[in-house]
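This report looks at backbone geometry and at one packing of helices. Please keep the sequence and the coordinates at hand while reading.

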Amino acid sequence: METKIIKINRDNFTDDEFSEAAAILKKGGLVAFPTETVYGLGGNGLDPSASMKIYAAKGRPSDNPLIIHISDVKDLEALCTDIPDTAYRLADAFWPGPMTMILKKRPEVPRETTGGLDTVAIRLPSDIIARTLIRVSGVYIAAPSANSSGRPSPTKAEHVIEDLSGKIDMIIDGGSCDIGLESSIIDLSGDKPMILRPGFITKEDFERVVGSAEYDRAVISKTPEKGVVAKAPGMKYRHYAPKGQITIVEGESHAVADLINGETRKVTAEGTKCAVIVSEENRSLYECERLYTIGKRVDDKTIAHHLFDVLRQLDEDGVEVIYSESFDNLRLSEAIMNRLRKAAGYKIINAEGR
Ligand code: TXA
Ligand code: MG
C-alpha cells in the first residue's frame, strides 16, 4: 500500500485540507495524525474492521485496547454509560488535553476496539490538527500511538514514517508533538479513581479535582514485581526498548557522573560503542564522547519532550551500551521514569555507597 504524506501547518490551515483524510477514515481506512502527546494511528472506533487494521499495522496484540478520541465532551454520552460526576469534573479541569479516562462502554462500542473489555478509554485532545480531523470526519477516532509495537512512541512525523510507511493510508505531518509522552490514564470504572499510566497530568493534579487517586502499583514500581499485573493491558508489554542496553544510575549527580565515567572508559577500551543520556545541567561532568542531552532539569517538560526522540536516535546511531542519569524529584518524574525504567528493562543501579 502506498502511504500518502500530507503536511498541515498548525498555524494556518483550512478544513478543506482535511477532506481526504476524513474520507479515508469514513471508508474504514487508517490515518496517522499528531496530538499534543504523541502521534496517533487513527481509524473509525465504531468499525470493528478498522480496529483490526490498526492492530495489524502496528503488529500489536489485539487484547490491548485502543483509546477513542472525541472532539466534544458531549460525545462521552454516545460512547459511555454510568458516567460518574468525577468524569465531568476531570473533563472540566483537563480537557481538551493529555488525559484519558476509562469508563463503562455502551454496546455501540465494539469489543474489537476495547480489546474485549466492558470499559472504554476516551480522550479529548487539545492539538488543533487532531481536533479538526475528528470534527471534519465526524468519526470517533480510535488511535493508539502510531509506532510499531515495542518501539518508542512517535513524537515526529519522521518517526511514524519509519515505522508505518507502506502499512497505512495516510500520515498527516504536523511537526513535533508538544508534550512528547503519552496521556495520563485515569480509570473511573471502579470504586475509586486509579491512575493506570502517569503522564503530563500528575497524581497531584488529579487529586486537586477528585480528592484522592491511587496509582496502579505496577506502573510506579522500580522492579517488575511478581504477580503484580498492570491494569492497563498495554502497560504490561516490553515497550520503548532501544536495541542497546540502558542502565539507569541513581544518586547525587557527581557520584553518578563518576560511576558512569568509570564504566564508559572501560566499555570504550573494549571497543564497544557507548553513550550517556544526560541533563543539560550535568553535561560538563561527563567524559564520554557521545552525550545525548535530553533536556533541562529546571524545565522538565524539555526532558519529556525529547525522551522518545533520544531513544530512537540511539537505535539509529547503533549505540550498544547506554548509561542514563535518573530524573528524580521533578514534577514529571513519574511520567518520565516510568518510560525510562521500561526502556532500561528495569536495570537501575545506585551510585552512592558503592
Ligand atoms: O497520548 C495518548 O494517549 C496517545 C495519543 C495518540 O492519544 N495514545 C496512546 O495510545 O498512547 P496507546 O494505545 O499507545 O496506549 C493506550 C493505553 C494502553 O496501555 C492500553 O492498554 C490502555 O491505554 N487502555 C486502553 N483502553 C483501556 C481500558 N478500557 N482499560 C484499561 N486500559 C486501557
Ligand atoms: Mg502505545
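Aspartate 82 is placed in the loop between β5 (80-81) and α4, where helices (H or I, at least four residues) and strands (E, at least two) are DSSP runs numbered from the N terminus. The model is predicted, so local features need pLDDT of at least 70 and side-chain atom pairs count only at pLDDT 80 or more, while totals for chains, interfaces and linings use all residues. Residues are numbered from 1 along each chain as its sequence is written, and side-chain values use heavy atoms, with hydrogens and water left out.

Most residues other than glycine have a negative phi, and most peptide bonds are trans.

| Residue | Phi | Relative accessible area |
|---|---|---|
| Aspartate 82 | near 50° | 58%, exposed |
| Tyrosine 346 | about 65° | 24%, partly exposed |

Tyrosine 346 belongs to the loop between α11 (333-343) and β17 (348-350). The peptide bond from tryptophan 95 to proline 96 is cis, with omega near -10°, and proline 96 sits in the loop between α4 (85-94) and β6 (99-105).

The axes of helix α1 (residues 19-26) and helix α5 (residues 128-137), which are lines fitted to C-alpha atoms over the stretch in contact, with angles running from 0 to 180 degrees between N-to-C directions, come within 9 Å and cross at roughly 60°. The contact (heavy atoms within 4.5 Å) is made by Ala21, Ala22, Leu25 and Lys26 of α1 together with Leu133, Val136 and Ser137 of α5.

Notes: Chains lettered and ligands numbered in written order. Buried < 20%, exposed > 50% of the residue type's maximum accessible area, 1.4 Å probe, protein only.
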